[in-house]
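Please examine the structure below before reading on.

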Amino acid sequence: MPRPTAAGAVAAADEHTPVAAGYGDDRTGVLTAVGSTPLVRLTRLLPGARFRIWAKLESSNPGGSIKDRSAYVMLSHAIATGAVVPGSGTVVESSSGNLGIGMAQACRALGLRFVCVVDPRTNPQNIAIMRALGAAVHLVTARDSATGEYQPVRIERVRELVASLPGAYWPNQYANPRNGWAHRVTMREIEDELGRAPDHLLCTISSSGTLRGCADWIRERGHATRVVTVDAEGSAIFGPPTGRRLLPGHGAAVRPPLFRSGLADEVMHVSDLDSVVGCRRLALSEGLLLGGSSGALATALDRLSDRVPDGSDCVLVMPDRGERYLDTIYDDAWVKAQFGEVTHLWKDEMAGAGRC
């Protein structure tokens, strides 16, 4: 079956339509590099594991994260349907960082202006990257009175900007079905690279796009893959928020409209410290410098490992790269200031790397 073109396939796809998932052959420039990320086997993360661990390295996307996929698909659909017009349109979106970079990159390639609304939790490096790509960045600093979080304030600011800017369009990653559709392709790539559907799939959740797309692909094809989603402690996605989160990337202050119950077979909650420890262990055991969400997945797999049947294939969808966290997750002084002296939690990997 031939792959659909990007604009045609995305325009035709809705949240209920099975498609031969692909991004098409009509892409040009940097957008041709979106997707087709490597699936690599991890052999040192969990020594003695009786199952195979695979990492889908979304850091290999040109903007450095899995959000490149969502940005490209949502904007392609918007252009195909006339919701935004290259050369005169402005895209406005709320993001904690990665989607903002993906949108800034795609808008440059597609001839659109981009305005991103961020908050103090956004890494300064992410803001700098967006600005280097020509985006205008609006920082909100007030917290929502009801939730104590920034996200509702960001969304309200997006609405204000869309109302005031001529030709403005809000993709709305939190409710846009194309955000989920983009990750049908992620799942199809995993299946193609592995040669079959994995026994376990672990992914983090924020807008619900990755979980929605991967789970829909799995269910529609009748695969027996067990889907485990990893949320942040303090997130409101699976229940009332229980506290503030330090790290961006996974979790949300408000349950996104794209969320649907029953997508995951199991939900695991991971703390900020757990994410840091997972990142440090990935770096020192596997040589992978990845972001906080990837660390959360590593910790979740460790907790799950006793229940994974021998010989299984476990795939972790690793969302982004770690260079943007050098001043936080990978900075010893920052970690100590936030959590105390915790290097003993990854000391085995440090010893293996020849450090004292």
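The largest cavity holds about 510 Å³ of space; a cavity is a set of points on a 1 Å grid over the protein atoms alone where a 1.4 Å probe fits but cannot get out, and a volume is the space filled by probe spheres set on the points, which are joined across faces, edges and corners. The model is predicted: local features need pLDDT of at least 70, side-chain atom pairs count only at pLDDT 80 or more, and totals for chains, interfaces and linings use all residues. Residues are numbered from 1 along each chain as its sequence is written, and side-chain values use heavy atoms, with hydrogens and water left out.

In the whole structure, 2 cavities of 30 Å³ or more are found. The lining of the largest cavity comprises 41 residues (those with an atom within 4 Å of a point), and Lys67, Ser96, Ser206, Gly249 and His250 lie nearest its centre. Among the elements that give two or more residues to this lining are helices H2 (67-80) and H3 (98-110) and strand S7 (200-204); helices (H or I, at least four residues) and strands (E, at least two) are DSSP runs numbered from the N terminus.

The largest pocket has about 300 Å³ of space. A pocket is an open set of points with protein on both sides within 12 Å along at least five of seven lines. It is lined by 20 residues, and Pro120, Arg121, Asn123, Leu246 and Thr328 are the closest to its centre.

The axes of H2 and H3 come within 8 Å and cross at roughly 45°; axes are lines fitted to C-alpha atoms, for helices over the stretch in contact, and angles run from 0 to 180 degrees between N-to-C directions. H2 and H3 are therefore oblique to each other, as angles under 35 degrees count as roughly parallel, over 145 as roughly antiparallel, 65 to 115 as roughly perpendicular and the rest as oblique.

H8 (residues 272-286) and H10 (residues 332-339) have axes that come within 11 Å and cross at roughly 150°, which makes H8 roughly antiparallel to H10. Asp272, Leu273, Val276 and Arg280 in H8 meet Asp332, Val335 and Phe339 in H10, where contact means heavy atoms within 4.5 Å.
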